[in-house]
Structures are given as C-alpha cells and as structure tokens.
There are 6 protein chains.
Amino acid sequence: MRPSGRDVSEMRPISIETNVTKHAEGSCLIKIGDTHVLCTASLEARVPPFLRNSGLGWVTAEYGMLPRSTGSRMRREATAGKQGGRTVEIQRLIGRSLRAGVDRVAMGERQITVDCDVIQADGGTRCAAITGGWVALRLAVNKLMKAGDIISDPLTDHVAAVSCGVYAGQPVLDLDYPEDSDAGVDGNFVLTGAGKMIEVQMSAEGSTYSRDQMNTLLDLAEKGISELVVAQKQATES
Amino acid sequence: MRPSGRDVSEMRPISIETNVTKHAEGSCLIKIGDTHVLCTASLEARVPPFLRNSGLGWVTAEYGMLPRSTGSRMRREATAGKQGGRTVEIQRLIGRSLRAGVDRVAMGERQITVDCDVIQADGGTRCAAITGGWVALRLAVNKLMKAGDIISDPLTDHVAAVSCGVYAGQPVLDLDYPEDSDAGVDGNFVLTGAGKMIEVQMSAEGSTYSRDQMNTLLDLAEKGISELVVAQKQATES
Amino acid sequence: MRPSGRDVSEMRPISIETNVTKHAEGSCLIKIGDTHVLCTASLEARVPPFLRNSGLGWVTAEYGMLPRSTGSRMRREATAGKQGGRTVEIQRLIGRSLRAGVDRVAMGERQITVDCDVIQADGGTRCAAITGGWVALRLAVNKLMKAGDIISDPLTDHVAAVSCGVYAGQPVLDLDYPEDSDAGVDGNFVLTGAGKMIEVQMSAEGSTYSRDQMNTLLDLAEKGISELVVAQKQATES
Amino acid sequence: MRPSGRDVSEMRPISIETNVTKHAEGSCLIKIGDTHVLCTASLEARVPPFLRNSGLGWVTAEYGMLPRSTGSRMRREATAGKQGGRTVEIQRLIGRSLRAGVDRVAMGERQITVDCDVIQADGGTRCAAITGGWVALRLAVNKLMKAGDIISDPLTDHVAAVSCGVYAGQPVLDLDYPEDSDAGVDGNFVLTGAGKMIEVQMSAEGSTYSRDQMNTLLDLAEKGISELVVAQKQATES
Amino acid sequence: MRPSGRDVSEMRPISIETNVTKHAEGSCLIKIGDTHVLCTASLEARVPPFLRNSGLGWVTAEYGMLPRSTGSRMRREATAGKQGGRTVEIQRLIGRSLRAGVDRVAMGERQITVDCDVIQADGGTRCAAITGGWVALRLAVNKLMKAGDIISDPLTDHVAAVSCGVYAGQPVLDLDYPEDSDAGVDGNFVLTGAGKMIEVQMSAEGSTYSRDQMNTLLDLAEKGISELVVAQKQATES
Amino acid sequence: MRPSGRDVSEMRPISIETNVTKHAEGSCLIKIGDTHVLCTASLEARVPPFLRNSGLGWVTAEYGMLPRSTGSRMRREATAGKQGGRTVEIQRLIGRSLRAGVDRVAMGERQITVDCDVIQADGGTRCAAITGGWVALRLAVNKLMKAGDIISDPLTDHVAAVSCGVYAGQPVLDLDYPEDSDAGVDGNFVLTGAGKMIEVQMSAEGSTYSRDQMNTLLDLAEKGISELVVAQKQATES
C-alpha cells in the first residue's frame with residue numbers, strides 16, 4: 001500500500017548519533033529513514049534586546065537545506081539573497097516548539113541557538129529537525145549543568161515531532177517524500193514526552209478533513225512520538 | 001472576566017462592507033471588532049510558471065499591515081527591504097486556506113491574487129483576512145461567471161477562520177489583542193461552510209495543552225465560524 | 001472638454017474624515033474625487049541621530065500604494081525588496097513640504113512620522129497625501145498641546161497641494177488619472193494657507209512650456225489651494 | 001557678499017572637455033567651478049520592454065557620486081545595497097529633462113543611457129549632470145548620424161540646467177556648496193536653448209517664498225542657461 | 001614545534017568517503033584532520049547563457065559554511081542576505097581550479113555544479129573543498145560515461161589543493177586552524193596529478209616573503225598534493 | 001607579436017597625476033596605457049570595531065568601475081543591489097596588499113580608506129589600483145606627518161603591482177585587455193620597493209603551467225615593478 005511497504009502506523013528507522021561536531025556545545029545527526037538532519041546547539045552569553053535584564057533565557061532556531069539535499073538541486077538561499085517563505089515558517093516553528101519545553105527562568109539570561117541543516121531530504125525534515133534539535137539542546141544544557149553554570153534543569157520535558165497524513169485515502173504515520181507529495185491532508189504534531197501538545201498544524205491543500213480524521217491522525221502521532229522519545233532517551237542518557 | 005466583557009463564546013461584532021474600491025474585481029472591508037482589514041481580489045490572465053498549460057487556476061494571497069495599524073508604529077516592510085517572517089507565514093496560510101475551497105479545474109487557467117491589508121489591528125488579523133479574503137474572491141468569481149468567462153462555479157464552499165485560545169485559564173472564542181498577548185495557548189481554525197476542516201494551527205508559547213482543551217477550542221471555533229459564514233452570505237448574496 | 005465634465009478651474013469633490021484609526025495620534029481619510037489616501041501621524045519620542053540634543057523637532061513622511069489601489073495590480077514594494085524611485089521621490093516631497101510649515105524649535109525634540117497610504121488612486125495622490133498629511137499632523141499636534149506637552153503652536157500655517165497641467169492644450173486644475181496620463185506638462189504646487197509657495201515642480205515629459213503657461217497654472221493652483229485650506233479648516237476646527 | 005566673491009548673477013567658470021573616454025559613444029567632463037561630472041552616453045540596440053515594436057527610442061540616465069567626491073567620505077551605494085532616495089530622484093530628473101529635447105520617432109527604436117558620475121562635488125551636481133549629459137548625448141547622436149543610422153536629427157534643442165536660490169536674503173545664480181547649505185529657498189531650472197521651460201523645481205526647506213521671488217530666480221536662471229548653452233555649442237560644434 | 005606535533009612536511013590524516021548522499025550524481029565527505037567538507041556534484045542539462053549553442057560544457061562551484069562549523073557560531077549567510085566576500089572569493093577559486101582539469105569540448109553542452117559545504121572547520125577548508133570537489137566531479141562524470149552520455153573522458157587529470165605557510169619562522173605543510181591564525185605568510189596551491197600548476201595564491205598579511213621562501217613552500221606543496229592524489233585515486237578507482 | 005607592438009618585457013606608458021581632487025587627504029589619477037584609475041585616500045578617526053582600543057591603525061580599500069569604463073556598458077553595481085564577486089575579490093586584494101607595507105602601530109588608531117574607481121579600463125585595473133592606491137595612501141600619510149599627528153613614518157616600503165601572463169605561447173609583461181582576454185595563464189604580482197613579495201596570484205583558466213614558466217613570469221614582474229616604483233617616487237617625492 002505504502003510505497004515503502006511500511007504499515008500505516010510504522011515509523012521509518014530512527015537513528016540519532018550525538019556529538020558529531022567538535023565545536024558545538026551540543027550536536028547530533030538525526031536520521032529518520034533517508035531524511036538526515038545535522039543539529040547543533042550554540043550557547044551565547046547575550047540574549048536578544050527585548051530580554052536584556054529580564055533574567056530570562058531564550059532558545060531560537062535556524063533551518064537550512066544544503067543545495068543538493070533534494071532530488072534536483074535547489075538554489076542556495078545565500079545566493080538568492082534571502083531565506084524563502086518555507087524556511088522562515090519552519091524555523092519559527094522549531095524555535096517555538098523547543099521553547100515550549102524550557103523553563104526560561106531556570107535557564108538564566110543566556111541564549112541557545114539550534115541550527116538544523118538538512119543533509120539529505122526525504123520528507124519530514126521539519127519534524128526531524130525538532131526531534132534532533134531537542135537532543136542538541138539537551139546536550140548543551142547538560143554541559144552547562146555539569147559546569148555548574150545552571151543549577152536546576154531548565155528542560156521540563158522531551159519535545160519531539162512527527163508528521164501524519166492521509167495518503168491514498170488512508171491515515172498514515174511518518175510520511176516520506178513520495179507520500180508527502182501525494183497527500184491531500186497532512187499535519188505536523190509536536191508533543192512533549194508526557195504526551196501534552198505543543199503545536200498541531202494540520203493543512204489540507206485543495207481538500208478538507210473531518211474531526212474524526214483529525215483524531216485518527218492524532219492517535220498515530222502519539223504512537224510515533226513515543227518511539228521518538230525513546231530514541232532521544234537512548235541518545236542522551238547513555 | 002474578558003477585558004471586553006464578552007462571554008467566553010461570544011464573537012466581536014462582525015461587519016463586511018463590499019465593493020469598497022472601484023478598481024478591484026472583488027473587494028470588501030471586513031471589521032471584526034476593532035480589527036479592520038481591506039481585502040481585494042485581482043484577476044490576472046497569467047498563472048505561475050509551474051501551472052502553464054495545465055488547465056488549472058491559481059489563488060494566491062499577500063498580506064500587509066499599514067505602519068500605524070498597531071498601537072506603536074511598525075517599520076514599513078518596503079523600507080526594511082523584505083517581508084518579515086510573520087508576514088510570510090500569514091500570507092502562505094491565507095493562500096492555502098482559500099485554495100482549499102476552490103475547484104481549480106472549473107476556475108480555468110487564470111490567477112486571482114487576494115491582497116489583505118490591515119488598516120487597524122486588534123488581534124485576529126489573519127483570521128479576518130481569510131474570512132474577508134473569501135468574500136473578495138467570491139465577488140470576483142461572481143463577476144467572471146456573470147460575464148460567462150466561467151461556466152460552473154469554482155468555489156466549492158465558504159472558507160472562514162477564527163482564533164480561539166486559553167485566556168486566564170478559560171477557553172475563549174475570538175481573541176482580541178489584550179487576550180492574545182496573554183494567552184498561553186492559541187489556535188487559528190480555518191473551516192468550510194459545511195464545517196469541514198481546512199487548517200488547524202494550535203500553538204503553545206512557553207506552555208502545553210491537552211487533547212481535551214483542543215477539543216473545547218474546536219467546539220468554540222465551530223460556533224464562531226458558523227456566525228462568520230452567515231455574515232459572508234449576507235455580504236455576498238444581497 | 002475634460003473627461004469628467006468639470007470646468008477647467010474646478011476641483012474634484014473634497015472630503016476629509018478625521019480620526020479614522022484608533023491607534024494614531026492624528027489621522028484622516030482624505031478623498032479628492034476617487035483618489036483616497038489614509039494619512040496617520042505617529043508621535044515618537046526619539047529624533048534622528050543628526051538632531052540629538054539639538055532641541056529641534058522633526059517631521060518626516062512615508063508613502064505607499066496598496067497593490068490594488070490602481071487599475072491593474074501593482075507589485076507590493078515589500079516583496080520587491082525596496083521602495084521604487086517614484087515612491088522615494090514622493091515621500092521626500094511630502095516630508096519637505098510639511099516641514100516648511102513647522103516651527104521646529106516650538107515643536108521640541110520629538111519626531112512625528114506621517115504615513116500616507118493610497119487606498120484608491122485616480123491621479124494626484126501626492127497632493128492628496130500632503131493635504132491630508134497636514135490634517136493628521138495638525139490633529140497630533142493638537143493632542144500634544146491639549147496635554148500641555150507643547151506650549152506654543154509649532155504649526156505656522158496650513159500646507160496644502162494641488163496639481164495642474166496642460167490637458168488637450170488647455171490649462172486645467174486638479175488633474176485626474178485620465179488627464180494626468182495625457183498631459184504633456186504637469187505640475188505640483190505646494191502652498192501655505194497664506195498663499196506663500198513651498199514647492200513648485202513643473203515637468204514636461206517630451207514637451208516644453210513657456211513662462212506664460214507657468215503663470216496660468218500657478219493662478220489655477222492658488223484657487224485650488226484656497227479651497228483645500230477651507231476643507232482642512234472644517235476638518236480640524238470642528 | 002557671496003563666499004566666492006561672485007556677483008549675484010555670475011556663473012562659476014564653465015569648462016566642457018569632450019571625448020574623455022575611448023569606449024563611450026559620447027562623453028565629456030564638465031566642470032562648473034569645483035563641481036566636476038563625467039558624463040558618458042552609451043548606445044544600446046534594445047529598448048525597455050514597454051517600447052518594443054513601438055518604433056520609438058528611449059533616453060535614460062543614471063547618476064552616482066564617487067565616495068570621496070565630497071568633503072567627508074560617503075558610503076559607496078554598491079556596498080549599501082541600493083541607491084539612496086536622493087540619487088534616484090536626481091537620475092529620474094536627468095532622464096526626464098534630456099527626453100524633453102528628443103524627438104523619439106526620429107531617434108528610432110534604440111536606447112541611449114547617459115551616465116553622470118560626480119568626480120568632485122561643490123554644489124549643483126544635478127544641473128552639471130544635465131548640462132554635460134546633453135553634450136554626451138549630442139556627441140553620441142552625431143556619431144549615429146555620421147554613420148547614416150539616423151537620417152533626421154532627433155535632438156530638437158539644447159537642454160541645460162542651473163540652480164538659483166535665496167542666499168543671505170539675496171537671490172543668486174548658480175549656488176556653490178557653501179551657499180547651497182545655507183539657502184532657505186533653492187531651485188533647479190531646466191530650460192531649452194530657446195528658453196522654453198522643461199522642469200522647474202523650487203523648494204523651501206523650513207521656509208517659504210513669494211511669486212515675486214520665484215520670478216527673480218527665473219530671470220537669473222535664464223541668464224545662466226544662455227551661458228551654458230554657449231559652452232555646449234563650443235564643445236560640440238568645433 | 002607545531003601545535004599538533006606534526007613534522008613540518010607532514011599532512012594531517014586524509015579520509016575520503018564517497019557516495020554519501022543518495023540524490024547527487026557524485027558526492028564525498030572529505031576529512032583532512034578535523035576539517036570536514038561535504039562535496040556534491042549536480043548535473044544539469046542547461047549551461048549558462050554565454051555558452052548556449054557553443055558545444056562547450058561548464059563546471060562551477062559554490063561554497064558555504066554551516067553556522068556552527070566554527071569555534072564560535074557564524075551568522076548564516078542566508079539571513080545576512082548575501083554571501084560574504086570571503087565566500088565569493090573561495091567559490092570562484094574552486095570553480096576555476098576544477099575547470100582547469102576539464103576538457104570542455106569532450107564534456108559536451110552540460111553543466112556540473114559542485115557544492116562544497118563545510119561541516120566542521122579546522123583550517124584549509126578551501127583546499128579540502130577543491131580536493132573533495134574533484135572526487136565528486138569524477139564520480140558524476142563516471143556516471144555519465146557509464147550511461148554512454150559522454151564518450152571520451154573530459155577529465156584530463158586530477159586536481160588537488162593544499163595550503164602551506166610560514167609558521168613560527170618555519171615553512172610548514174597543510175596548516176591547521178591554530179597555525180593558520182598565526183602564519184604571517186600563507187599560500188594555497190592547486191596542482192594537477194602530473195604536478196602542473198593551476199593556481200598559486202601566496203599572501204602576506206602584514207608581512208612579506210622572499211622568492212626562496214616561495215620555492216620552499218612550493219616544494220612542500222608538491223609533496224602534499226602527491227599524497228592527496230593517492231587518496232583521490234583510492235576513493236574513486238575502487 | 002603583441003597587439004600593441006610592445007616588447008615582451010615592455011610596460012605600457014605610466015603616468016601618475018597627484019592631488020586630482022580637492023576633498024581627499026591623498027589622491028592620484030594613475031594611467032597605465034589606456035587603463036585609468038582614480039585613487040583617493042580618506043582619513044577617518046574611527047577604526048573598525050575589532051580594533052577599538054588596540055592602538056593599531058587600519059587600511060582598507062574599495063574598488064569600483066564606472067558603468068562605461070568598459071567596451072560595452074556594465075550594469076551599475078548600486079542598481080544591481082550588491083557588489084559582484086569579482087569586485088569583492090579585487091578590493092580585498094588591494095586592502096591586503098597595502099596593509100603589507102604599513103606599520104600599524106606607528107599609524108596609530110585611525111583608518112585610511114583607499115577608493116579605487118576605474119574611469120577607463122584596458123586590462124590590469126587591479127594592479128593599477130594597487131600602485132595608484134599606494135600613492136594616494138603615501139600622500140595622505142605625508143599630510144598626517146606634516147601636521148605632526150604621526151611621528152614615525154608608518155609606510156615601511158613602496159607597494160606596487162603588475163600582471164604578467166602567457167600570451168600566444170610567450171610570457172609577457174603588463175597584459176592589456178586584448179592580451180588578457182586571450183591569455184591561458186595570467187598572474188598578478190604585488191611586490192615591495194625592495195623586491196619582497198606580498199602577494200602572488202597565478203591562475204590558469206582551462207590550462208596549466210610549469211614551475212619554469214612561473215619563474216619567468218616572476219622575473220618579468222620584478223622588472224615591471226621596479227619601473228612602477230620609480231614612477232611612484234617621481235609622483236610623491238617632488
């Protein structure tokens with residue numbers, strides 16, 4: 001049924017390799033099937049102007065795709081002179097999602113920038129970026145705590161994301177690129193480790209969906225997220 | 001409870017004035033309380049390159065805020081040299097939402113651009129833009145049909161949008177600016193006249209929400225949308 | 001003779017509605033026939049760097065056209081990535097004109113930004129912007145004086161503007177769009193309430209004019225300005 | 001009285017050296033006192049899209065200042081990423097002025113771009129650019145006529161420009177930089193060889209002027225233009 | 001003597017992993033010590049306009065650094081709105097170097113774009129990019145030849161690059177970041193497999209060098225290049 | 001043999017006219033044959049942020065070409081919205097070269113910006129810019145020393161540059177445009193008055209070269225530089 005032969009509720013293989021770059025305070029290479037995203041967390045002493053002297057920390061994110069991460073070469077955004085609309089939308093989502101799992105008082109007045117760069121794309125890059133971005137963030141915070149710079153853990157829970165959609169009339173978990181291109185309805189679901197919701201974005205392009213379908217997709221998402229959280233734990237707690 | 005004294009499930013006053021500009025093929029000034037958005041629909045013969053010779057039509061949207069539509073003056077995006085991330089995200093949402101109610105085969109190979117310019121902002125500008133944008137689109141399509149350029153109606157249903165959120169611990173309908181600034185959870189809901197869902201975006205900033213809360217907000221949204229659709233009908237069917 | 005049937009020295013109907021937006025310190029919607037411009041005056045505490053600690057105030061202006069204010073849709077300048085040459089030239093003219101009627105010492109070290117956004121265009125938008133911009137400025141200054149922030153009135157006189165040109169060989173007052181497109185010679189005249197001149201710009205595109213013709217156009221302009229000043233008074237002194 | 005010791009109606013020394021660069025179809029270095037502008041005319045076969053197949057020619061202009069043409073170094077516009085408002089306004093004026101002296105039918109469907117680059121600035125650069133730009137244009141057209149590419153002369157008359165203003169209460173001709181910085185009223189006058197007017201721009205910055213003063217300045221301008229036209233003739237007719 | 005303990009003529013460990021991304025026609029991850037660069041070669045049917053219908057092929061290159069490839073996070077060029085001067089200079093060098101080893105007639109009218117993205121930087125990124133870029137190019141060309149799209153091999157020889165410099169008064173091979181930051185003289189040498197020179201760039205920052213020193217650095221470079229070419233062969237001929 | 005009839009080791013005529021603009025602290029117009037570059041040195045009190053309170057000075061350079069300095073008109077970079085890759089590469093080279101001859105401690109915490117604007121191009125503009133840029137720098141420093149602002153001379157030696165290349169199989173000195181367009185190998189050599197090397201850039205476009213050829217070009221370059229230094233001395237020591 002599915003081009004990959006997967007069950008409707010079957011995730012692609014998940015792999016999270018940590019500490020893949022020597023400079024970043026936290027980093028991982030997350031692979032969700034053929035979607036590979038390099039996530040780094042960079043610690044900076046300064047916060048944005050609107051937070052100066054507030055005592056609050058900030059987590060922000062940036063997202064990019066290497067020009068040949070895709071089937072045909074995309075124009076490099078640096079030569080186009082600006083980030084495209086899709087890029088901006090995605091990196092705002094990543095930042096907002098990660099901040100939902102952060103106690104910004106406990107974090108103290110510092111900023112962590114999470115960069116998510118897609119090395120190879122096969123659908124679901126924004127979800128992989130959130131899931132891997134959290135791992136990079138976790139590792140950077142661990143370093144701050146080990147150094148005694150932060151006393152109480154500012155990360156309140158895991159944050160992970162998965163996409164679901166209606167493909168060939170069938171609700172399915174974790175869309176890959178061939179499915180994503182064909183799905184009339186698809187959604188991105190960002191949840192905490194405890195199953196609380198941070199962000200739900202369900203869109204129909206040239207189509208609509210019912211509340212029942214929405215609930216089915218949500219059930220699938222909860223299953224996928226729980227598997228992603230297990231992988232995050234294995235990656236960060238070893 | 002609410003700063004405006006409204007009931008939790010009470011919309012702000014809705015007003016839709018049509019044909020407010022003599023040049024556009026369709027136009028309206030929509031007022032949702034103190035949020036005022038001018039929506040125009042412009043018909044163009046050409047479609048974007050990826051649709052040439054496809055026989056399909058295209059509906060796209062652009063969004064802007066006048067510099068003093070807000071409490072303190074915002075920098076004009078034309079002088080900043082680019083549209084900000086929020087603007088891009090909103091106009092992509094408007095276009096996607098309107099296209100969900102369009103039969104692009106029936107529309108034929110033409111493009112309609114819906115411009116939504118915020119004259120005065122008091123929360124919920126993107127929802128007002130979608131609701132008013134549909135009215136402008138409806139009027140432009142009416143003109144095409146009256147002229148015999150289109151035979152069967154390409155608009156398959158109404159499209160309208162409303163925001164809901166959790167304010168002071170209470171789920172409420174149609175957030176105004178003071179509520180929006182304080183809501184830990186807020187969502188934008190785009191539905192058809194028949195109550196089918198086109199887009200749901202529920203975000204928590206520095207917070208999370210449960211599936212129960214999500215369902216309560218959805219119930220409120222359905223109530224609000226039905227009132228907006230009545231207003232759309234009154235505006236376009238007279 | 002004139003497409004609109006007007007006399008050579010007849011202005012289009014003038015309407016100035018004040019306080020049209022709740023956020024701006026001063027605002028009006030000015031209509032000169034089918035040309036409609038929304039003018040807002042925004043008060044800011046800071047002055048540009050070159051005036052810091054000078055004790056002098058500053059008045060500046062920005063101008064924009066909504067994409068479908070015109071017969072065919074214009075590209076939004078925010079997506080083009082910059083303001084076009086015509087826009088820049090016009091907003092410099094508006095700022096310079098308004099400053100000519102301001103005592104910048106009496107104003108004190110504050111800045112007022114006048115935004116002029118064209119809702120509907122039918123010729124003469126820059127002149128309507130100056131005339132309406134002065135009304136918005138007057139209302140903002142009134143508010144400062146009522147609050148006791150300014151003691152003596154910094155506005156030394158009315159400032160208003162009108163276009164004249166040679167259409168079909170005939171000097172005419174207040175060109176509308178069909179006339180403007182065809183006029184070989186046209187001018188913009190900015191005068192004070194007392195009839196003193198602030199700015200005269202007379203251009204021939206592919207043509208020339210004599211000193212006699214210039215004087216005839218000036219006579220027409222003086223007549224038009226006096227009517228505009230009456231309308232300004234009615235709008236601001238009620 | 002005047003910082004330079006000149007009479008109120010005395011121009012600065014005028015020098016026009018032609019054919020100063022080997023590549024351009026027409027070129028000159030014009031010196032009005034210490035204001036030095038290099039003007040080149042470049043012939044191109046193509047016209048802008050709006051003129052294709054119209055049979056009409058086009059003359060356009062661009063203007064620039066070298067970074068150290070001024071008393072203190074200005075930022076290079078190429079590094080700022082765009083032309084400033086003043087630059088755009090000036091180059092539009094130059095193009096409009098030169099076109100007023102061109103019979104675009106006789107010119108045929110070709111474009112001439114006049115580049116005016118200020119080598120050294122001491123006030124009046126836009127007027128020097130128009131006067132010198134006409135010389136470059138004349139030389140390029142001569143070349144076309146000599147080659148038989150154009151039969152009848154498309155240049156209908158000389159075009160020259162001069163500034164006048166009220167300095168220290170006194171109307172004076174041809175403002176240099178110290179005068180220009182201090183003048184409350186100043187104007188740029190573009191006339192033909194026959195004394196017909198092409199463009200008049202008279203501005204008051206923080207001041208106003210009467211019709212009498214305007215006429216006095218115009219008289220001065222006519223005197224200055226006639227001297228500039230003599231210099232143009234000497235440069236191009238030898 | 002050297003911070004890494006290497007001999008003056010000792011390269012860092014070289015590793016070239018091929019076919020690291022499933023989309024690109026050719027790809028490798030080259031590691032020169034802690035400098036890691038991902039190189040992809042993308043085949044495109046079109047050539048730049050200046051080569052249309054010339055029968056000649058084109059090889060071009062783009063270069064980028066991930067924001068946290070460096071010790072402290074660098075601003076992403078896509079958000080800065082343009083590629084910096086250093087980036088532009090490097091990617092022009094890579095393209096020029098690779099083209100020197102290409103028979104553009106044999107290649108036929110097609111373009112190969114080599115993207116070099118620095119995953120981790122520790123000095124010598126441009127040299128690693130050239131050396132790895134050639135491997136990606138070789139693999140993409142192999143694919144074209146296997147498919148019979150190209151008959152005779154357009155790659156005339158290997159192309160590889162290495163940096164040398166004077167560190168602590170001592171000429172050394174293959175500068176790493178700590179050496180590069182301190183070297184008064186450093187050079188990049190691009191050679192073919194046969195030892196012919198393609199590009200030599202030797203710069204002194206705040207210093208100078210003699211012809212003797214230049215010759216010593218060239219000797220070192222020749223040694224390094226021969227080791228890099230062995231590694232290229234092992235990577236592409238297996 | 002050479003299009004110009006010059007000997008293989010013959011420079012074009014060299015002319016350096018100093019103090020050509022009244023505003024710059026130092027300036028010259030350098031002509032190497034038909035290549036004419038205007039060089040100005042501008043003194044500024046501030047240094048770039050990375051040097052504040054370091055006690056060190058800074059010399060930087062910018063480069064530009066007038067639109068019609070070339071055979072066919074080039075687009076003005078200010079209208080293109082950015083400096084092209086070639087421009088950026090050249091101005092970085094000029095700055096680096098000039099700094100190699102500066103004792104930045106003796107210079108004190110001030111900045112000199114050298115602008116090199118090409119008035120007419122016929123090959124070798126970057127070398128002319130370096131050679132002329134040094135003259136402008138020398139004159140500006142002389143002024144500082146005469147005024148007593150600097151005690152000991154911060155210029156440690158002359159800096160000059162020349163290009164050499166292989167044209168029609170023959171190594172030649174000082175390539176003009178026809179030669180440069182055809183040369184398979186060409187190099188730019190920046191040397192001090194004492195013959196020490198600052199920068200060597202030798203590139204082959206679609207070709208390679210041997211070490212012997214490199215040495216021959218270097219010999220030619222040394223001869224050319226010595227003649228340029230004589231011209232610099234005549235220009236600055238009179």
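## Two helices side by side in chain E

Let's start in chain E, where helix α4 (residues 125–146) and helix α6 (residues 211–237) pack at an angle of about 30°, with their axes 10 Å apart. That makes α4(E) roughly parallel to α6(E); angles under 35 degrees count as roughly parallel, over 145 as roughly antiparallel, 65 to 115 as roughly perpendicular and the rest as oblique. Axes here are lines fitted to C-alpha atoms, for helices over the stretch in contact, and angles run from 0 to 180 degrees between N-to-C directions. Helices (H or I, at least four residues) and strands (E, at least two) are DSSP runs, numbered from the N terminus. The crossing of α4(E) and α6(E) is right-handed, a label used if the near helix is turned clockwise from the far one by less than a right angle, with left-handed for anticlockwise.

Who does the touching? On the α4(E) side there are E:Thr131, E:Trp134, E:Val135, E:Arg138, E:Leu139 and E:Asn142, and on the α6(E) side E:Leu228, E:Gln232 and E:Thr236. Contact means heavy atoms within 4.5 Å. By class, the residues in this contact of α4(E) with α6(E) are four nonpolar, four polar and one charged. For those classes, Ala, Val, Leu, Ile, Met, Phe, Trp, Tyr, Cys and Pro count as nonpolar, Asp, Glu, Lys and Arg as charged, and the others, Gly among them, as polar.

## What kind of model this is

This is a predicted model: local features need pLDDT of at least 70, side-chain atom pairs count only at pLDDT 80 or more, and totals for chains, interfaces and linings use all residues. Residues are numbered from 1 along each chain as its sequence is written, chains are lettered from A and ligands numbered from 1 in the order in which they are written, and side-chain values use heavy atoms, leaving out hydrogens and water.

## A helix pair in chain F

Over in chain F, the axes of helix α2 (residues 85–99) and helix α4 (residues 125–146) come within 10 Å and cross at roughly 40°. That makes α2(F) oblique to α4(F). The crossing of α2(F) and α4(F) is right-handed.

α2(F) brings F:Arg86, F:Ile90, F:Leu93, F:Ile94, F:Ser97 and F:Leu98 to the contact, while α4(F) brings F:Thr125, F:Arg126, F:Ala129, F:Ile130, F:Gly133, F:Trp134 and F:Leu137. Sorted by class, the contact of α2(F) with α4(F) has eight nonpolar, three polar and two charged residues.

Strand β9 (residues 197–204) of chain E and strand β9 (residues 197–204) of chain F pair in the antiparallel sense over five bridges; two strands pair if DSSP finds at least two bridges between them. Within that pairing, E:Ser203 has F:Glu199 in β9(F) as its bridge partner.

## A five-stranded sheet in chain C

Chain C has an open sheet of five strands, ordered β1-β2-β3-β5-β4, with mixed pairing. Here β1 (14–18) and β4 (58–65) of chain C stand at the edges, each with a single partner strand, so one side of each is left without a neighbour in the sheet. Strand β3 (residues 35–44) and strand β5 (residues 111–120) of chain C pair in the antiparallel sense over nine bridges. C:Cys39 has C:Cys116 in β5(C) as its bridge partner.

## How the copies relate

A rotation of 180° with 0.0 Å of shift along its axis superposes chain A on chain E (RMSD 0.0 Å). That is the relation of a two-fold axis. Copies are superposed by least squares on the C-alpha atoms of residues with pLDDT of at least 70 in both. Chain A and chain D, on the other hand, do not touch; their nearest C-alpha atoms are 11 Å apart.
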